[in-house]
Amino acid sequence: MSDVLEKALAEMGFALLEYRGNGEFLPIATLPTWFSEIWAETRNSSDPIPLTRQSPFLESFLLEAEDFWNSPTPAGCQSETWIEKALSGREIPVQARALLLDGNQILALLSPDAQFRERVRFLQTARNALLDHERLAREIQKKEILLHCIVHDLSQPLSIMHVAMDSLSEESISERSKQFLTLGKHAGDQQETMIRQILRTFSDDLRASLDAGTEGNVSSDLLECARKTTTSLAPTFEAKGVHLAVSSLVDLEAKWLVVAEESRLQRIFSNLLENALRYTPAGRRVAIGVEDEGDFLKAYVDDEGPGLPRDLRPEQIFGLFMKGKQSGGKAGLGLYFCRITVERWGGSIGCVTLPEKGSRFWFRLPRASGRTAASPSDAPDASNLKIAKRNPGIVRPLRILFADDQEDIRTLTAYQLKRSGHKVVIAKDGKQALNAFRSASFDVVLLDQEMPGMTGDEVARAIRKTEGGKKERVFLVASTGNTTSEDVRRLKQAGFDDVLGKPFRLEDLNRILSAAPAATDTSMPSVLPGAIFTELVARVGGDEKLLKRMIHTFRRDTPNRLAGIAEAIRRKNPEALASLAHALKGSVSIFGAESARKHTQELQDLGRGKELSRAAEVLALLKEEIAKLQANLRGYANQTPARSKSNHAKRQRPSRNRGKRRR
Amino acid sequence: MPHILVAEDDATTREMIRGILTKQGYDVSTAADGMSALRTLKKKNFDLVLLDIWMPKMSGLGLIGTLHGEKHIPKIIVMTSDKTSDTVLNSLRGQVYQFLAKPVDANTLISTVDNALSEDPAVPPIEVLSANKHWVELLVPCERSVVSRVQSFLSSLETDLPADVMEKVGYAFRELLNNAIEWGGHLDPNLKVRISYIRTRKLLMYRLDDPGPGFKLEDLKHAAVSNPVDDPMAHMTVREQKGLRPGGLGLMLTQQLVDELVYNEARNEVVLIKYL
């Protein structure tokens with residue numbers, strides 16, 4: 001080969017070598033620079049170069065090349081590009097081609113460096129773009145979740161502001177105060193407009209949380225969503241060495257349609273799975289599954305982590321800005337988002353520590369079967385529920401049961417309703433509402449949707465079940481921030497007659513109440529044990545068991561206290577009288593027995609004033625009041641959850657008991 | 001886990017308080033009378049005592065007196081349904097942390113206990129300069145929690161005033177104390193606000209003396225109190241321009257709730273008067 005040709009080939013990056021057998025090659029032309037960079041120590045040697053010993057890739061390529069060289073009908077033999085590492089550490093791309101020239105076995109090596117670098121740069125740019133895309137998508141998702149939470153939480157206090165200011169405007173206040181009030185109302189309206197604007201600007205999906213109207217695709221396959229999320233998160237789980245799988249107990253063939261919007265359902269799964277991943281050590285397993293619960297379908301994520309923190313209640317775990325110890329820089333919105341979204345769809349969410357190891361996070365959603373496509377007559381949309389305005393001046397007194405977990409809304413709304421002449425019993429959660437409903441008669445039951453323990457939906461279903469097919473049904477009103485036509489349809493299915501959108505105005509509430517059917521029994525309920533006890537349970541922080549223990553203690557101690565007071569009067573011991581009456585005053589105050597409290601106060605004053613002449617008379621009055629209180633407390637003890645459950649179970653039997661049931 | 005002792009002779013109340021606080025994760029012990037409370041306190045160090053006043057064997061106030069001079073005295077919250085001035089004044093003298101009216105409810109109980117236990121131990125105590133039925137004078141650290149504590153005492157003093165009037169005076173006092181602590185004392189617990197409560201036959205008077213340099217009315221354009229008579233909303237525009245949250249009604253409301261509101265020249269002392 002001429003020198004010029006040799007140099008030209010080397011310049012173009014080609015290395016031409018002849019195969020000498022035994023994995024050794026002899027250069028037949030000047031070698032290019034890149035070749036010396038990789039195999040430098042053999043560069044100046046006149047001996048054959050043992051290339052296959054130095055390059056595992058070439059070693060395997062040689063097998064193909066030998067086939068090619070020895071084949072009677074050779075069909076070409078070329079390798080893909082591979083990377084050799086130069087002694088300097090530089091990575092050099094190399095391609096090989098076997099040639100058979102005049103019976104000589106030639107290996108041509110080429111380094112397509114420029115194209116390779118270009119390709120690498122291209123791939124890197126693409127990869128960076130993908131990472132940016134993923135990061136931005138997560139950022140957007142995070143912001144959407146934050147927005148969703150903000151909107152959810154802003155609507156609540158706005159309701160309170162509206163009602164509070166409406167209430168205030170009915171008070172007699174000075175002209176100046178009225179001006180301030182107008183200012184406040186104006187600011188409230190502005191805030192409402194702003195929330196709506198934010199929603200309009202940022203997300204159609206979010207807007208649906210306040211506005212009635214847009215109807216989207218709201219049924220999704222629970223299992224399908226679980227699988228999609230599992231697939232997309234599989235690399236993340238693999239990277240941490242955690243095994244992720246759909247539980248083997250799941251019927252993969254069945255349809256798992258629920259009332260939910262797909263992208264948000266996937267986000268819920270994704271949040272629960274990421275949460276599970278955070279707490280599951282490498283080598284352990286996270287399982288995702290679904291179960292059939294009749295009207296509801298349940299999904300769960302089981303992990304093999306340390307279980308739930310003992311110092312946190314499940315409702316705290318799903319609270320806003322709640323972060324675990326290994327929060328990993330998260331904002332504490334994920335599980336909160338899961339809760340408000342699931343509750344919005346009429347479902348519930350929770351978590352438990354598993355008996356073996358780890359924890360289970362679950363949520364259940366109403367099944368979306370053919371029943372979702374209800375006929376317009378039985379499932380009107382939001383506009384069908386607008387009821388003609390009646391003369392607000394005529395208020396028919398109604399017996400109203402009102403349940404909301406927000407104390408401010410409870411207080412204000414109850415105040416307004418009472419002011420309008422209605423009789424109101426309040427409950428702070430679904431369970432209390434149901435207990436109250438079973439212990440007295442009502443014309444209207446107004447239920448907030450998102451209550452802990454038992455949602456408004458669940459209470460409504462239970463109430464309708466309790467009523468059986470009776471003609472005389474209580475007027476059920478849902479109060480909710482979610483008033484899309486699909487939400488309204490779902491609420492109607494749960495048994496509601498009307499929907500009060502949040503944030504609401506007094507006039508909205510009055511309008512709905514004016515549509516409630518006239519009470520057949522217009523007499524107001526007498527003192528309702530349910531009413532008192534709903535407040536009592538609230539007073540002790542919602543702990544019904546504690547209240548039951550207190551009642552037990554009170555019933556056990558009070559006869560002795562009364563006997564002690566009688567004895568102190570008989571022995572003319574004013575100090576003992578004052579002390580015993582004072583202690584008893586504490587108990588009766590807790591139970592809200594005002595008359596009894598007054599009598600104990602009087603006895604205490606008589607004792608302290610050492611004036612015992614009227615004491616026996618007051619004691620007799622006190623005994624009467626205590627007897628009433630004891631009877632009420634006994635009645636309540638019979639309605640405690642454990643018992644009422646068994647009573648309820650009895651009611652469900654198709655028996656003659658049904659006819660005796662109290663409404 | 002903080003240790004709490006509940007000293008209360010009524011078993012139902014005891015049961016309730018123990019139940020609520022145990023559920024909150026506190027370690028709760030109980031005593032049914034003053035003597036057994038004292039014995040329990042001698043055996044173990046408690047962080048907080050919820051103390052009833054009227055108890056057999058030894059009253060709550062008796063117990064406070066006995067504890068005087070002890071090495072470790074827990075914070076004490078007095079719970080009582082009897083708001084007699086003597087009880088309030090003796091509690092103040094006994095360095096009681098706060099007053100809690102009975103019957104208590106879970107929310108108030110939990111927040112009061114949480115606040116008491118979470119308060120920075122470095123916050124100096126309230127100093128009682130005078131605890132006379134007609135003249136109560138206190139030196140309080142400029143710390144926000146102090147406001148509700150002081151009010152729990154002062155609102156419990158007998159005044160023979162109707163509840164709604166007391167509520168208004170209470171609101172006005174609270175507003176002024178908040179201002180004194182926040183603006184005058186810049187929430188520095190080492191600075192003190194001097195509070196005087198003076199009760200005569202004809203009037204009820206509060207005087208607050210804050211450690212700040214005072215302020216000028218013309219600097220208060222953002223507050224409703226400085227609005228011209230014909231433009232009651234003027235301050236809103238100022239607030240909007242300054243980027244302040246809507247509000248600025250505190251002083252204005254305070255003025256309307258009491259009979260007299262008088263500042264000294266520097267405006268770091270204020271007197272509030274309600275005629276009886």
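In what order do the five strands of the open sheet in chain A stand, and is their pairing parallel or antiparallel? The order is S15-S14-S16-S17-S18, and the pairing is parallel. Please keep in mind as we walk through it that this is a predicted model.

Let's stay with that sheet for a moment. Its edges are strand S15 (423-427) and strand S18 (498-501) of chain A; each has a single partner strand, so one side of each is left without a neighbour in the sheet. From one strand to the next, the twist averages 20°. Further in, strand S16 (residues 444-448) and strand S17 (residues 475-480) of chain A run parallel and are joined by five bridges. If you want a place to look along this pair, find A:Val444, which stands opposite A:Phe475 in S17(A).

Helices pack on this sheet too. Helix H14 (residues 456-467) of chain A lies across S16 and S17 of chain A, and runs at about 150° to S16(A). Helix H16 (residues 506-514) of chain A touches S16, S17 and S18 of chain A, with a direction that makes about 170° with that of S18(A).

Now step back to chain A as a whole. Its 663 residues include 37% that are buried, and the chain has 23 helices and 18 strands. Taking contacts in chain A between residues at least 6 apart in sequence, 65% join residues at least 24 apart. One pair of residues that are separated along the chain is A:Arg278 and A:Lys240: they are 38 residues apart, and 9.5 Å separates their C-alpha atoms. A:Arg278 belongs to helix H9 (residues 262-279) of chain A.

In the loop between strand S1 (14-19) and strand S2 (25-27) of chain A sits A:Asn22, whose phi is near 60°, a positive value in a residue other than glycine. A:Asn22 counts as exposed because it has 9 C-beta neighbours inside 10 Å.

How far can you rely on the model of this chain? The mean pLDDT of chain A is 77, and 80% of its residues reach 70 or more. Two stretches call for care. Over residues 325-331 of chain A, pLDDT stays under 50, and the model has six contacts beyond four places in sequence for them. Over residues 640-663 of chain A, pLDDT also stays under 50, and there the model has 13 such contacts.

Chain B meets chain A through a contact that takes 22 residues from chain B and 24 residues from chain A. On the chain B side, helix H1 (residues 11-23) gives the largest share, eight residues. That side divides into eleven nonpolar, five polar and six charged residues.

After H3(B) comes B:Gly69, with a positive phi near 90°. B:Lys57 is partly exposed, with 15 other C-beta atoms within 10 Å.

Another loop of chain B, between strand S5 (98-101) and helix H5 (106-118), holds B:Pro103. The peptide bond from B:Lys102 to B:Pro103 is cis, with omega near 0°. Most residues other than glycine have a negative phi, and most peptide bonds are trans.

Chain B also has an open sheet, of six strands in the order S6-S7-S8-S9-S11-S10, with antiparallel pairing. Strand S6 (127-132) and strand S10 (260-263) of chain B are its edge strands, each pairing on one side only. Neighbouring strands are turned by 15° against each other on average, direction ignored. Finally, helix H6 (residues 145-154) of chain B lies across strand S7 (135-141) and strand S8 (192-199) of chain B, running at about 165° to S7(B).

Terms used. Residues are numbered from 1 along each chain as its sequence is written. Chains are lettered from A and ligands numbered from 1 in the order in which they are written. This is a predicted model: local features need pLDDT of at least 70, side-chain atom pairs count only at pLDDT 80 or more; totals for chains, interfaces and linings use all residues. Two residues are in contact if their C-beta atoms, placed from the backbone, lie within 7 Å. Helices (H or I, at least four residues) and strands (E, at least two) are DSSP runs, numbered from the N terminus. Ala, Val, Leu, Ile, Met, Phe, Trp, Tyr, Cys and Pro count as nonpolar, Asp, Glu, Lys and Arg as charged, and the others, Gly among them, as polar. A residue is buried if 20 or more other C-beta atoms lie within 10 Å of its own, exposed if 12 or fewer, and partly exposed in between; C-beta atoms are placed from the backbone. pLDDT is the predictor's confidence in each residue, from 0 to 100. Two strands pair if DSSP finds at least two bridges between them. Axes are lines fitted to C-alpha atoms, for helices over the stretch in contact, and angles run from 0 to 180 degrees between N-to-C directions.
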